[in-house]
Amino acid sequence: PQHFVLYLPRDIVSGDFFWLSQRGGKIVIVAADCTGHGVPGAFMSMLGVSFLYEIVNKEGIMQPASILNFLRDHVKHTLSQTGKKDEAKDGMDISLCVFDPNEMKLEWAGAYNPLYLIRNGELIEYKADKMPIAIHLNDHLPFTNNEISLIKGDTFYISSDGYADQFGGADGRKFMSKKYKEMLLQIWDKPMDEQKAIIQKAHLDWKGHHEQVDDILVFGVRV
């Protein structure tokens with residue numbers, strides 16, 4: 001019940017997408033960042049959403065790492081990715097959770113994009129596998145499945161890299177993930193809609209007169 005989604009496409013349509021599904025009392029929560037933005041990114045988003053629907057809702061696969069493994073296979077097959085030299089390497093980075101509210105358990109897997117969990121004012125970062133949902137040097141390796149026991153009040157965040165990559169401030173530099181994490185630590189115990197407003201305002205203040213460089217997606221959940 002307690003969550004927020006900050007979703008700021010750079011153009012009218014977006015290469016970032018979020019997706020949710022519920023099955024057997026568990027909730028699948030996805031934040032994905034496809035190659036590109038605008039129309040090319042949106043095409044990849046449509047592929048990602050339809051593949052996730054297939055894997056989770058039709059095949060009934062509910063382990064995050066397995067979902068990512070199958071998703072990668074679908075992307076490679078559909079885009080005919082074989083690893084040839086000049087071939088397009090379109091794909092997506094993704095952070096995917098399966099939340100079991102009854103057992104207070106979270107399973108998570110990530111392709112480049114991490115999970116931040118804040119418990120009692122301490123941020124724990126779960127690092128993603130350094131490979132995308134696409135053809136890659138290590139695409140023969142399976143994704144890593146992480147199992148996390150949750151306690152009441154835990155707050156976790158998944159996002160694309162667009163927020164941290166925004167140029168701005170006095171020197172026109174990137175916001176950076178360090179500053180992003182520091183901000184989450186300052187606001188994690190506030191109501192979720194308030195957190196969303198603070199995160200959005202910080203982005204706009206930082207951006208100033210600079211253009212938005214990428215799609216932005218931040219998904220926060222408190223258990």
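This is a predicted model: local features need pLDDT of at least 70, side-chain atom pairs count only at pLDDT 80 or more; totals for chains, interfaces and linings use all residues.

Trainee: OK, what span should H2 have, and what do its end C-alpha atoms give?

Mentor: H2 has 15 residues, so at 1.5 Å a residue it should span 21 Å. Its end C-alpha atoms are 21 Å apart, which agrees.

Trainee: Which residues of H2 are buried?

Mentor: Pro64, Ala65, Ile67, Leu68, Asn69, Leu71, Arg72, Val75 and Lys76.

Trainee: And what do those buried residues pack against?

Mentor: Helix H1 (38-58), plus strands S4 (92-100) and S5 (105-111).

Trainee: Let's take H1 and H2. At what angle do they pack?

Mentor: About 130 degrees, with the axes 10 Å apart.

Trainee: What follows H2?

Mentor: Serine 80 does, and its phi is positive, near 50 degrees.

Trainee: Switching to charges. How many salt bridges does the structure hold?

Mentor: Nine. One of them pairs the side chains of lysine 76 and aspartate 139, at 3.2 Å from N to O. This pair links distant parts of the chain, 63 residues apart. Lysine 76 sits in helix H2, and aspartate 139 in the loop between strands S7 (122-126) and S8 (146-149).

Trainee: Are those two buried or exposed?

Mentor: Lysine 76 has 19% relative accessibility. Aspartate 139 has 16%. Buried means under 20%, so lysine 76 counts as buried, and so does aspartate 139.

Trainee: Which salt bridge does lysine 181 make with a glutamate?

Mentor: Lysine 181 meets glutamate 125, at 2.6 Å from N to O. Lysine 181 lies in helix H3 (177-187) and glutamate 125 in strand S7, so the pair ties together parts 56 residues apart in sequence. Glutamate 125 is partly exposed, at 28% relative accessible area.

Trainee: What network is glutamate 125 part of?

Mentor: A network of salt bridges that links Glu125, Lys127 and Lys181.

Trainee: And aspartate 171, what does that pair with?

Mentor: Arginine 173, with the closest N and O atoms 3.9 Å apart. Both aspartate 171 and arginine 173 are exposed.

Note on methods. Residues are numbered from 1 along each chain as its sequence is written. Side-chain values use heavy atoms; hydrogens and water are left out. A salt bridge is a side-chain nitrogen of Lys or Arg within 4 Å of a carboxyl oxygen of Asp or Glu. Helices (H or I, at least four residues) and strands (E, at least two) are DSSP runs, numbered from the N terminus. Buried means under 20% relative accessible area, exposed over 50%, partly exposed in between (1.4 Å probe, protein chains only). The expected span of a helix is 1.5 Å times one less than its number of residues. Contact means heavy atoms within 4.5 Å. Axes are lines fitted to C-alpha atoms, for helices over the stretch in contact, and angles run from 0 to 180 degrees between N-to-C directions.
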